[in-house]
Amino acid sequence: MWQWFHRLASPRWFYQASGKFLPWISMLGLFFISLGLVWGLGFAPQDAKQGNSFRIIYIHVPSSFLALVGYYIMAAAGAIAIIWKIKLADMVMKAAAPIGAAFTFVALLTGAIWGKPTWGTYWIWDARITSMLILFFLYLGVIILQSSYEHKGLSSKAAALLALVGTVNIPIIYKSVDWWYTLHQPATIRFTEAPSMHPDMFQPLLVMIVGFYFLYAIALVASIRVEILHRERRTKWVQDLVFTNKNNDP
Amino acid sequence: MFQFENFNDFLYMGGHGYYVWVAYFSSLGVLAFLLVAPFFRKKNIIKEIKKQRHYDSTGYS
């Protein structure tokens, strides 16, 4: 068991294994995203109240999902990096921060654009929106801390600590629509109840959520691989990879 | 079933076309950047490694 764990945590092993499954998850991701885009934009029925602006939901909800999930992944990787001093976990945290920030940005942006025709304003200091903005700043904080100290280990530790403290924000975001009933509508999808959406609208949303999970996984794995190459650039296996491969594509 | 009469109707989105298309294209732009950025970083790193090897063996950069 421990042997397996350590092998899994070896950057070299991860690099080689991920090279094999990355093309497959890329194809699956492309499939789900294309299907979801066509379905959501053209074939899902329009909303009785919001008309066609409601189609923004097919990007807004999946990206918000991944913004939160991505934060947990980043914080968990940070915790593992601190506690067990596993190099790979530190690389995962480093790779996850900008990706999570991008998904949070997309969630905020699509929310703002959607807000205009629906609520009449691009921005309002509603509880859900404000807590999402804080999430975005937490991501930025982690990114900045990672490159703040000369000493590499120190900046990773500081970034991981901030990431861990920031997890407090996630349940607040999740519950904000129930605790403070301001403007943002309550969750469309709950784990405990049936969705409050017609199946014709809900099915493409599910497809998009699956597609976004793949998108996130592809971006994360690809960034981790680059980070591994960078940090292990002086090791023999990376050197061998670069200098024996003719098409320069390790 | 396709919800729109024709392509113009699809672009117009019953008056919400501007919001829908700006939201979709800007989001897809950000996400596409996430996917292509690692390729370029990888290329740069490989270039760096080769430069370093060249420097180590010749003393010239």
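## The largest pocket

The structure described here is a predicted model.

The volume of the largest pocket is about 1,200 Å³. By residue class, its lining consists of 26 nonpolar, eleven polar and three charged residues.

Helix H5 of chain A comprises 20 residues, 127-146. At 1.5 Å a residue the helix should span 28 Å, and its end C-alpha atoms lie 29 Å apart, which agrees with that expectation.

The N-terminal end of H5(A) is capped by A:Asp126, a side-chain oxygen of which lies 2.9 Å from the backbone nitrogen of A:Arg128.

## A:Asn169 in helix H7

A:Asn169 belongs to helix H7 of chain A. Its relative accessible area is 8%, so A:Asn169 counts as buried, the cut-off for that class being under 20%.

Apart from neighbours within four places in sequence, A:Asn169 is in contact with A:Ser131, A:Ile134, A:Leu135 and A:Leu138.

## A:Ile80 in helix H3

A:Ile80 is located in helix H3 of chain A. With a relative accessibility of 31%, A:Ile80 is classed as partly exposed, the category between 20% and 50%.

When residues up to four places away in sequence are not counted, A:Ile80 touches A:Lys85, A:Ile86 and A:Ala89. A:Met93 lies 13 residues from A:Ile80 along the chain, and the C-alpha atoms of A:Ile80 and A:Met93 are separated by 9.6 Å.

## A:Phe21 in helix H2

Helix H2 of chain A, residues 11-43, contains A:Phe21. A:Phe21 has a relative accessible area of 37% and is therefore partly exposed.

In sequence, A:Phe21 and A:Val221 are 200 residues apart; in space, the distance between them is 9.8 Å, C-alpha to C-alpha.

Notes: Residues are numbered from 1 along each chain as its sequence is written. Chains are lettered from A and ligands numbered from 1 in the order in which they are written. This is a predicted model: local features need pLDDT of at least 70, side-chain atom pairs count only at pLDDT 80 or more; totals for chains, interfaces and linings use all residues. Side-chain values use heavy atoms; hydrogens and water are left out. Helices (H or I, at least four residues) and strands (E, at least two) are DSSP runs, numbered from the N terminus. The expected span of a helix is 1.5 Å times one less than its number of residues. A polar contact is a pair of N or O atoms within 3.5 Å; within protein, one must be able to donate a hydrogen and the other to accept it, and residues adjacent in sequence count only if both atoms are side-chain atoms. On a 1 Å grid over the protein atoms alone, a cavity is a set of points where a 1.4 Å probe fits but cannot get out, and a pocket is an open set with protein on both sides within 12 Å along at least five of seven lines; lining residues have an atom within 4 Å of a point. Grid points are joined across faces, edges and corners, and a volume is the space filled by probe spheres set on the points. Ala, Val, Leu, Ile, Met, Phe, Trp, Tyr, Cys and Pro count as nonpolar, Asp, Glu, Lys and Arg as charged, and the others, Gly among them, as polar. Buried means under 20% relative accessible area, exposed over 50%, partly exposed in between (1.4 Å probe, protein chains only). Contact means heavy atoms within 4.5 Å.
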